[in-house]
Amino acid sequence: RSTARESDGLPAVTRDQITDLLASLMEPPKRKPRPSHRLAAHRLATMVELQAESGMRSSELCSMTVELIDRRFEADEGVWLYEPPEHKSEHYRKSRVIVLMETEQNLLSRWMKVAQITSGILFEVTVGSYRQNLQRALKRAGLPLWTPHQLRHTAATETRGEFGLDAAQAKLGHASRRTTEIYAEFDLKAYIQRVRHTSD
């Protein structure tokens with residue numbers, strides 16, 4: 001249990017910023033890289049994309065194992081479920097289930113194939129290492145710095161714009177709508193598009 005409050009005041013990472021990083025990570029190097037370097041680049045790219053899509057915390061991402069992914073509903077509902085072993089709101093006796101849709105499923109399946117993972121931990125990095133690896137990659141590419149935590153803002157903002165605040169709250173696993181409002185910036189353009197779609 002932590003007494004720390006959810007941090008606020010951080011902007012969402014834009015999709016253009018994510019695309020720039022991914023292009024840099026996957027760019028053919030001038031010299032032939034070691035296999036371990038290629039694998040590390042692929043791992044970081046997968047983690048960034050997965051966090052931006054799912055909105056999970058870095059700790060939840062780093063603690064993922066193959067065994068914790070529940071695929072029972074894949075055939076009927078098209079989803080996988082992931083229940084982290086520990087999460088921030090567990091001391092409130094609230095469960096935390098992360099729904100993994102097709103995009104997230106494809107990212108995980110591709111990573112497991114590349115890394116030849118059939119069981120156990122998926123990414124084998126700590127939260128601190130994940131953040132450091134991201135910062136180093138951004139600096140090497142000459143890109144503005146941002147943090148893994150800001151990817152939760154990205155997921156929250158996009159989900160709020162498309163499905164509303166309640167959906168964003170459920171996605172991020174917040175106990176309070178007020179906390180979600182800090183994360184999910186109000187996207188007027190996305191809201192207008194959603195209203196038009198509903199009225200058609």
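Four salt bridges occur in this predicted model, each a side-chain nitrogen of Lys or Arg within 4 Å of a carboxyl oxygen of Asp or Glu. Local features need pLDDT of at least 70 and side-chain atom pairs 80 or more, while totals for chains, interfaces and linings use all residues. Residues are numbered from 1 along each chain as its sequence is written, and side-chain values use heavy atoms, without hydrogens and water.

Glu 53 and Arg 15 form one of the bridges, at 3.2 Å from N to O. Glu 53 sits in helix 2 and Arg 15 in helix 1 (residues 15–26), so the pair ties together parts 38 residues apart in sequence. Helices (H or I, at least four residues) and strands (E, at least two) are DSSP runs, numbered from the N terminus. Glu 60 bridges to Arg 57, with the closest N and O atoms 3.0 Å apart. Both Glu 60 and Arg 57 are buried. Buried means under 20% relative accessible area, exposed over 50%, partly exposed in between (1.4 Å probe, protein chains only).

Arg 72 meets Asp 70 at 2.7 Å, N to O. Arg 72 is exposed, at 64% relative accessible area. Asp 70 also stands opposite Leu 81 in strand 2.

Three strands form an open sheet in the order 1-2-3, with antiparallel pairing; strands pair if DSSP finds at least two bridges between them. Strand 1 (69–70) and strand 3 (98–100) are the edges. Strand 1 and strand 2 (residues 80–82) pair over two bridges.
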